[in-house]
Amino acid sequence: MRNPLSDKAVALQPSGIRKFFDIVSEMDDVISLGVGEPDFDTPWAVRDEGIYTLERGKTFYTSNSGLKELREQISINVKQRLGVSYDPVSEVFVTVGGSEGIDLACRAMLNPGDEVLVPQPSYVAYTPCITLAGGVPVTIELKEENNFRLTAQEVLDAVTDKTKLLILPFPNNPCGSILEREDLEAIAKVVIEKDLYVVSDEIYSSLVYTEEPHVSISSLPGMRERTILIDGFSKAYAMTGWRLGYVCGPAAIVQQMVKIHQYCIMCAPTNSQYAAVVALRDCQDEVRKMRDAYNQRRRYLMYAFEQMGLPCFEPFGAFYMFPCIKEFGMTSDEFATKLLQEERVAVVPGTAFGDCGEGYVRISYAYSVEQLKKAMERLGRFVARHRKV
């Protein structure tokens with residue numbers, strides 16, 4: 001029989017996160033610190049609106065771009081938070097999670113052979129989306145001595161005459177690193193000089209723990225017309241299962257993204273869209289409360305790591321820690337596997353986020369303080385037992 005499978009699909013590696021947690025699902029008494037999902041319930045006002053729309057029978061297709069009132073509310077929110085204005089009619093559209101936005105940006109903008117710069121460690125979906133769109137991913141290794149920040153020089157060094165896109169994954173998953181205004185200004189100069197475009201994944205932009213708020217590269221001079229801004233509701237509003245994200249960007253690019261979305265998806269879930277209007281309009285206090293809780297957990301983990309002598313740079317975004325485990329003489333996969341087997345604590349090997357994640361593990365603090373304390377007790381025992389003297 002003829003091979004029914006696509007070579008590209010076969011060549012894709014399964015997610016290092018999901019592969020590892022298939023094992024976890026079959027074990028008892030495991031404290032999982034691996035999944036990047038808020039432990040908070042979706043705010044009640046949002047759930048109530050979702051229920052109400054179902055009761056009213058609002059279950060039909062929306063516009064391909066999404067509900068008009070939701071796109072208008074997104075435009076208002078982005079203007080308030082980031083200082084960038086987008087036309088809700090032609091420059092904003094609603095996606096099935098932020099991941100769909102990343103996929104559509106690659107498919108709408110890349111021709112075969114176009115190179116895309118991907119800072120790593122980073123979210124697992126970037127490289128597969130680029131590859132499936134016919135592009136060529138080019139890794140830029142983020143370095144711990146730079147606090148896992150991307151530098152303008154690193155971008156410049158990676159650019160060739162085939163480079164078209166830069167993925168900007170900050171606040172970063174898995175490292176928790178952020179970029180500040182001066183970092184972005186330097187990168188923007190390179191982007192403009194080399195005539196590049198940026199896909200800025202800002203899904204964690206509401207979860208930043210510095211005095212200065214998050215800055216979007218799209219807000220810098222000359223960058224609005226070069227940036228596709230990806231954001232959504234999963235992380236900030238604890239709406240992972242609602243599957244809702246959005247894209248803001250130049251009308252010419254958004255138009256092509258919507259066209260692909262039209263054929264593949266039709267529209268994002270209708271009741272999720274109605275609920276998201278309430279999230280943006282009425283739930284900013286809940287977002288702040290969740291952010292404050294994450295910050296408390298972040299500070300606790302930094303203290304716990306210091307007490308056990310486990311080196312970890314201080315992250316200021318998202319809800320992840322990325323401690324270094326090189327001293328133990330194990331690969332990241334071996335460390336995570338042994339920790340799971342011996343102490344029933346699940347973390348993610350750093351290599352799930354790119355080869356340069358070797359020597360690190362990702363620990364999520366989207367869990368209760370009680371769970372984190374139990375997990376740190378177990379991790380502390382493991383570290384003491386395996387530490388080389």
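My entries follow, grouped by topic.

Ground rules. I am working from a predicted model, where local features need pLDDT of at least 70, side-chain atom pairs count only at pLDDT 80 or more, and totals for chains, interfaces and linings use all residues. Residues are numbered from 1 along each chain as its sequence is written, and side-chain values use heavy atoms, with hydrogens and water left out.

Cis peptides. I looked up omega at two prolines. Q120 and P121 are joined by a cis peptide bond with omega about 5 degrees; P121 sits in the loop between β3 (115–120) and α6 (126–132). Helices (H or I, at least four residues) and strands (E, at least two) are DSSP runs, numbered from the N terminus.

Positive phi. A318 has phi near 60 degrees and lies in the loop between α11 and β9 (320–321). A318 counts as buried because its relative accessibility is 0% (buried is under 20% relative accessible area, exposed over 50%, partly exposed in between; 1.4 Å probe, protein chains only). R344, not a glycine either, has a positive phi of about 55 degrees. I found R344 in the loop between α12 (332–343) and β10 (345–346), and at 30% relative accessibility R344 is partly exposed.
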